[in-house]
Amino acid sequence: MQVYNTMARKKEELVPLTPGVIRMYVCGPTVYNFFHIGNARPFVVFDTLRRYLEYRGYKVIFAQNFTDIDDKLINRANSEGTTVPEVAERYIKEYYADADALSIERATVNPRATEHVGEIIALVETLIERGHAYAADNGDVYFSVRSFPGYGKLSGQSVDDLESGARIDPTEHKRDPLDFAVWKGAKRGEPYWESPWGKGRPGWHIECSAMSMNILGETFDIHAGGQDLVFPHHENEIAQSEAATGKPFARYWMHNGYININNEKMSKSLGNFLLVRDIAKEFDLEAVRLFLLSAHYRNPVNFSRELVEQAQTALGRIKTARERLDDAMGKPVGAPTPEDAAFLAAVPEFRARFEGAMDDDLNTADALGVFFDFARAVNAFVSEPRGKEALEAADRLMKDVCEVLGLLQHASGEEFPKEALALLEERKAVRAAKNWARADEIREQLKAMGFSVEDGKDGAKLKRI
RNA sequence: GGCACCAUAGCCAAGCGGUAAGGCAGAGGUCUGCAAAACCUUCAUCCCCGGUUCGAUUCCGGGUGGUGCCUCCA
């Protein structure tokens, strides 16, 4: 599989450190609120990468952190008159609720910064010992950017260019404006941990270094996140980690593009961010997932209600193909036909095309194109009774593709209300009697109840609209 | 100023040297009591100008028009 490595600025063959095992780390949410659609993109994209790697037979050790201590949590706790752990606990729970609705699989590990403070302190101590960090007199500890020669290698910035644009916050005690905090001395009323530099808490960047290296090792395979994390977050992670260990940190850096809202950048400062929780009130989040996968992950995408509606309709196509295949499997015909043989021969071709797309830097847009081609072939194929073998081959590919893309993963065993079923029965009777007026009336009634009726060869089917 | 990115049909979006995937919307048709769903058919020479090449949407140069990072942010 080829993967675009931000560090190399090109696609590279993904070769894991340990054959058969992929160790990957994705920067997770700061849990001070529900997460927004912009957060959702990396979660969905790299969940899909993880699913595909597992489909390919890798054992994937997937770590995604929760940042559960920082200014935003402290502010939230203060404004609510509650505590930081209470805020964190609440939004971690809500993270899982939204993630589940987006069919994002649970990570192998979800480390929390507050559970790794000991390791963070140890890492800071190492940096100080090695001359890469220094304690300021206010209890802060800063990383000395100019002590690490490779600084800027991920983002392609030179230290001198950065220097000219840097600002110095007068409340900080840096020796160099480029330096950044790896440990923050506690201010009055803030949560703190005891450390060799007094009471304080971890800086943001150091958390990810400490957690990723502790869980995945000093060198691991993939580190991923949103494009906006390239600088400074990931640049700083590299500096801290490699300065401390003297070894390469992550081997492949993957970054997803932005989401715009109605053609406008979504950002905290603009205040136009859209919570996944709110989108879920109007749309099936699986449609949102499909929408997110319908463009290549490195390209920017624009989010609008119209586009999600399109995705929702497209998702319906896939659902229909799945249902039609299920129906056909319920009553296979005995002897294989030439059509069966032809279809059976075509299935591996679809699979190969799908894998080819995914192998090419996770080209989910292309892969979806293959999937829709396949769905059409399935729909055409099952318009007549077919042999078991061909149907099962279709079923396996359909399941594999859905599993990799994380579509149609929600349990569908929904029950229709009794009244609806009774109306459907009545309609069957009046249709037999060719009472079309009453039949149409019932169809309207069902529509008002939220169901559509589709008359097929084997009777009518109810569908939730 | 430094570092990157993008420009493909009404909308969204792949492709990136050999003559334009897929989805949504639209048109015609098959099926249907009528619909719906499904299927079939149909719907683009790829921002502009140069260059390289037998051949360019695809490579190079120059424009034009957008965007991002360099500051908390996925």
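Q: How do the residues of the lining of the largest cavity divide into nonpolar, polar and charged?
A: This is a predicted model, in which local features need pLDDT of at least 70, side-chain atom pairs count only at pLDDT 80 or more, and totals for chains, interfaces and linings use all residues. Residues are numbered from 1 along each chain as its sequence is written, chains are lettered from A and ligands numbered from 1 in the order written, and side-chain values use heavy atoms, without hydrogens and water. A cavity is a set of points, on a 1 Å grid over the protein atoms alone, where a 1.4 Å probe fits but cannot get out, and lining residues have an atom within 4 Å of a point. With Ala, Val, Leu, Ile, Met, Phe, Trp, Tyr, Cys and Pro counted as nonpolar, Asp, Glu, Lys and Arg as charged and the others, Gly among them, as polar, the lining divides into seven nonpolar, two polar and three charged.

Q: Which element gives the most to the lining of the largest cavity?
A: The lining includes Phe 43, Gln 64, Tyr 95 and Arg 106. Helices (H or I, at least four residues) and strands (E, at least two) are DSSP runs numbered from the N terminus; α1 (37-55), β4 (59-64) and α3 (84-101) each supply at least two lining residues. The most, three residues, comes from α3.

Q: How much space lies in the second largest cavity?
A: Volume here is the space filled by probe spheres set on the grid points, which are joined across faces, edges and corners. For the second largest cavity, the space is about 40 Å³.

Q: Which element gives the most to the lining of the second largest cavity?
A: Phe 350, Phe 354, Val 370, Phe 371, Phe 374, Leu 397 and Val 401 line this cavity. Two or more residues each come from α11 (338-359), α12 (364-381) and α13 (388-405). By class, the lining has seven nonpolar, no polar and no charged residues. With three residues, the element that gives the most is α12.

Q: Which residue in β6 is the bridge partner of Ala 135?
A: Two strands pair if DSSP finds at least two bridges between them. Four strands form an open, antiparallel sheet in the order β5-β6-β7-β8, with β5 (133-135) and β8 (200-202) as edge strands. Three bridges join β5 to β6 (residues 141-143). In β6, the partner of Ala 135 is Val 141.

Technical notes: On a 1 Å grid over the protein atoms alone, a cavity is a set of points where a 1.4 Å probe fits but cannot get out, and a pocket is an open set with protein on both sides within 12 Å along at least five of seven lines; lining residues have an atom within 4 Å of a point.
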